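Here is a short tour of a protein model for anyone who likes to look at the coordinates while reading. Keep the viewer open and follow along.

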Amino acid sequence: HLSPLLRSHHKIMPRASTQSNSGGDRHQHQGLRFLKQHGQHILKNPLVIQNIIEKAAIKPTDTVLEIGPGTGNMTVQLLKKAKKVIAVEIDPRMVVELQKRVQGMPELEKKLQIIHGDILKVKLPFFHLCIANVPYQISSGIVFKLLAHRPAFRCSFLMFQREFAMRLIAQPGTPFYCRLSANTQLLAKCDHIMKVHKNSFRPPPKVDSSIVRLEPFHPPPPVNFTEWDGLSKVVFGRKNKKMRGMFTSKKTIESFVANYKTYCALKNEKMNPEFEQNPTEWMKKTVEEVLQKTELSEMRAKAISNHDLLKLLANFNTAGIHFTA
């Protein structure tokens, strides 16, 4: 169940690329005001739109989910290729604009389903592909909502603030590598498709964007996501610190002791006799043994791979140490 990752990353926001909702928070074009609190930056560059359509390789049998269709520049092109387009839009004014866009075009109109609501709250129907110009302030929440969706989709092409995109695709040992990178790449193959200049949008955001392709792994990895999330939270808490320093700190050992007691009580299992005599000493010794066995004591979080994290989690679990999100 992926809800722990969805909850934890819902609060990981990319740095704001727009002004606050006071003073200059609205741009106007042809009588329609774009609201920055909804992250409304309409993609207007037809070459970028065409590039996305081509990269997506949409089949005539595909149902496409579009998040934040805005005035429908992308939507119309999707409707020409797909069997059906499901457009999720939070702004009622944009819903009206979208309906106007396909009026008088029955072949396109009958293929369009509009869901008026918040993408993070609505229940998503089945879809093959997702294409989205993602509102910057809810980027993490959308990524993990999509990756938690079942049945899993084939792939998605998502437009993000460039720095956020770089974090998604970052590899161990590179500057942008972080917990977001590890958690996303546990669940999906992540590829950078293209950079998009800020002037391709109306109104232009303060920074450039990038399109990232996410392809969920089928089947998803056989891992307890609550435990994985708890482990990654410890590992990436201070990513320049060595594993031994992080895992043997007083605060971490205390949390492990509390988790161990809770786990044994819930599972109705007997606690280790050595633990009962001296919980802190036993826990610290056990943690150090796991780190030595996995040869990760001197590794820093910024360089640790998902393969190493999975190995670490498996060895901690075998030793009786469990994690909570």
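Does N268 count as buried or exposed? At 72% relative accessibility, N268 counts as exposed; here buried means under 20% relative accessible area, exposed over 50%, and partly exposed in between, with a 1.4 Å probe and protein chains only. Please bear in mind that this is a predicted model, in which local features need pLDDT of at least 70, side-chain atom pairs count only at pLDDT 80 or more, and totals for chains, interfaces and linings use all residues. Residues are numbered from 1 along each chain as its sequence is written, and side-chain values use heavy atoms, with hydrogens and water left out.

N268 sits in the loop between α11 and α12 (273–277); helices (H or I, at least four residues) and strands (E, at least two) are DSSP runs, numbered from the N terminus. Its phi is near 55 degrees, a positive value in a residue other than glycine. A57, in the loop between α2 (46–56) and β4, also has a positive phi, of about 50 degrees, and is exposed with a relative accessible area of 51%. Most residues other than glycine have a negative phi, and most peptide bonds are trans. Two cis bonds are worth a look: R150 to P151, with omega near 0 degrees, and R202 to P203, with omega near -10 degrees. P151 belongs to the loop between α6 and β8, while P203 is in the loop between β10 (201–202) and β11 (209–216).

## An enclosed helix and a buried strand residue

Helix α6 (residues 139–148) is largely enclosed by the rest of the structure, because nine of its ten residues are buried. Among them are S139, V143, K145 and L146.

F160, in strand β8 (residues 155–161), has a relative accessible area of 0% and is therefore buried. Leaving aside neighbours within four places in sequence, F160 is in contact (heavy atoms within 4.5 Å) with residues including S139, V143, A165 and V212. The C-alpha atoms of F160 and S139 are 7.1 Å from each other, though the two are 21 residues apart along the chain.

## Nonpolar cores

The largest nonpolar core has 65 residues, and L146, F247 and M283 have the most contacts inside it. Such a core is a set of buried Ala, Val, Leu, Ile, Met, Phe, Trp, Tyr and Cys residues joined through side-chain atoms within 4.5 Å. Apart from it lies another core, of 28 residues, with L78, L79, A82 and M194 among them. Not counting residues up to four places away in sequence, F247 touches L231, V234, T252 and F256, among others.

## The second largest pocket

What is the volume of the second largest pocket? About 380 Å³, where a volume is the space filled by probe spheres set on grid points joined across faces, edges and corners. On a 1 Å grid over the protein atoms alone, a pocket is an open set of points where a 1.4 Å probe fits, with protein on both sides within 12 Å along at least five of seven lines; lining residues have an atom within 4 Å of a point.

Of its 17 lining residues, K233, V234, K251, T252 and S255 are the closest to the centre. Helix α11 (250–267) gives the most to the lining, with five residues.

## Cysteines

The whole structure has zero disulfides (pairs of cysteine sulfur atoms within 2.5 Å).
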